[in-house]
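Dear colleague,

I am handing over the structure below, and my notes on it follow directly after. Please read them beside the coordinates.

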Amino acid sequence: MNSTKMVLPGQTIGIIGGGQHGRMLALAAKKLGFSVGVLDAKLNGSAAQVADWQIQASCNNPEAIRHMAEKCDVLTYEFKEVDIDLLASVENKVRIPQGLEVLTITQDRSLEKAFLEANKINIAPYAVVIDTLDIEKAVESIGFPCVLKTARNSHEGRDQVVMYEEEDIHLCQEILKRGVGVLEAWIPFERELAVTIARNQQGQVSILPVSENNHRLNILHQSIVPARIDGDVYEEAQRLGKQIAEGMQLVGVLGIEMLMTSSGTIYVNELIPHPHHAGYYSIEACDFSQFELHIRGICGWPLPEVQLLQPAVTVNILGSYLEDVYAQIALQPDWHFHFYGEDSIGAIKQMGHVTVLANQTEQALQAIKYSEIWD
């Protein structure tokens with residue numbers, strides 16, 4: 001399909017996946033005047049609640065993908081575990097501006113590492129392993145501590161094992177049963193950073209302010225914007241983001257997770273081929289959100305130079321905090337609350353997020369601390 005012509009208001013954007021990213025993509029698309037359809041196995045899920053229509057089926061159902069292709073002018077996705085072969089089968093029927101290469105790279109951690117190496121991006125020393133003998137050999141050069149991650153089907157750091165000594169190698173057997181693994185040196189980082197970047201097919205780029213992130217239980221807990229880092233490190237993080245986006249001929253939004261050591265050295269840790277949690281702050285804190293940038297990018301619209309309107313802190317709302325956050329609605333008129341319309345509550349399930357704006361990030365951090373929700 002010819003995907004260089006702009007997609008205009010009134011045309012239809014199809015979103016594969018019905019979670020919170022899809023919800024906010026749909027809201028951004030509706031703001032710009034598009035019709036929105038969602039493919040999701042769950043009836044009236046988070047994204048479908050705000051879309052114009054839904055196809056209720058698995059996101060990897062061949063018939064459902066074909067139906068989406070027939071009903072839409074452009075297809076995008078809100079998560080990366082989409083069947084690449086199925087997308088390839090409908091490329092001649094509907095625009096898929098993001099293409100298939102970005103998914104091919106990011107679905108397999110070993111391919112992602114190889115891509116970053118080929119583009120001269122600094123990453124942790126690593127080895128591809130298939131059994132414990134491979135691990136024993138690899139640690140001779142990588143050393144301890146190190147971390148084993150699944151090469152495919154990784155979920156926000158939950159499919160990994162950290163090893164501190166040889167006796168820990170046996171802990172890797174369960175992960176290795178799932179297939180090929182990637183063993184990485186453990187980077188003693190001082191800050192976790194994220195760069196969110198958007199690009200269109202014309203090569204125009206928009207880059208969001210660098211965020212500083214804190215994780216709990218391998219789930220993003222808090223994003224602080226702008227990141228509290230030196231200016232030269234900030235510029236280097238954004239430069240790396242642009243280099244990666246150009247290297248993969250990105251269309252749409254890419255999230256780039258980075259680790260910064262005490263010396264200011266940056267290691268790229270992971271690529272996320274769609275809007276992601278670390279960019280949620282942009283809805284209120286910037287003049288253009290990552291979701292609008294994604295829609296603009298895949299529709300061939302010109303991309304703006306994004307401005308940070310105010311420093312911000314965004315906090316993830318897990319199910320265990322939900323009632324406490326509800327209580328803050330009456331107490332915090334200046335907080336920006338987002339709830340995802342989930343119909344069930346789990347202790348570590350992501351139910352929404354809160355963004356707090358302030359003249360300085362420390363003021364926002366203090367306001368969040370005084371709420372005594374996130375201890």
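The second largest pocket has a volume of about 240 Å³. Here a pocket is, on a 1 Å grid over the protein atoms alone, an open set of points with protein on both sides within 12 Å along at least five of seven lines, whereas a cavity is a set of points where a 1.4 Å probe fits but cannot get out, and lining residues have an atom within 4 Å of a point. Grid points are joined across faces, edges and corners, and a volume is the space filled by probe spheres set on the points. This is a predicted model, in which local features need pLDDT of at least 70 and side-chain atom pairs count only at pLDDT 80 or more, while totals for chains, interfaces and linings use all residues. Residues are numbered from 1 along each chain as its sequence is written, and side-chain values use heavy atoms, with hydrogens and water left out.

Of the 16 residues that line this second largest pocket, Met24, Leu27, Ala28, Ile283 and Ser289 lie nearest its centre. Two or more lining residues come from each of α1 (20-31), α9 (282-285), α10 and β16 (336-339), with the largest share, 5 residues, from α1; helices (H or I, at least four residues) and strands (E, at least two) are DSSP runs, numbered from the N terminus. The lining has 9 nonpolar, 3 polar and 4 charged residues, where Ala, Val, Leu, Ile, Met, Phe, Trp, Tyr, Cys and Pro count as nonpolar, Asp, Glu, Lys and Arg as charged, and the others, Gly among them, as polar. Because domain 1 (12-96) and domain 3 (189-371) both give residues to the lining, the second largest pocket lies between them; the domain bounds come from an automatic or database domain assignment.

That assignment also gives domain 2 (125-185). The centres of domain 1 and domain 3, taken over C-alpha atoms, are separated by 23 Å, and 20 residues of domain 1 are in contact (heavy atoms within 4.5 Å) with 23 residues of domain 3.

Helix α10 (residues 290-298) is mostly covered, with 9 of its 9 residues buried, where buried means under 20% relative accessible area, exposed over 50%, and partly exposed in between (1.4 Å probe, protein chains only). Gly300, which follows α10, has a positive phi near 75°.

Leu217, although not a glycine, has a positive phi of about 55°, and it counts as exposed at 64% relative accessibility.

Best regards
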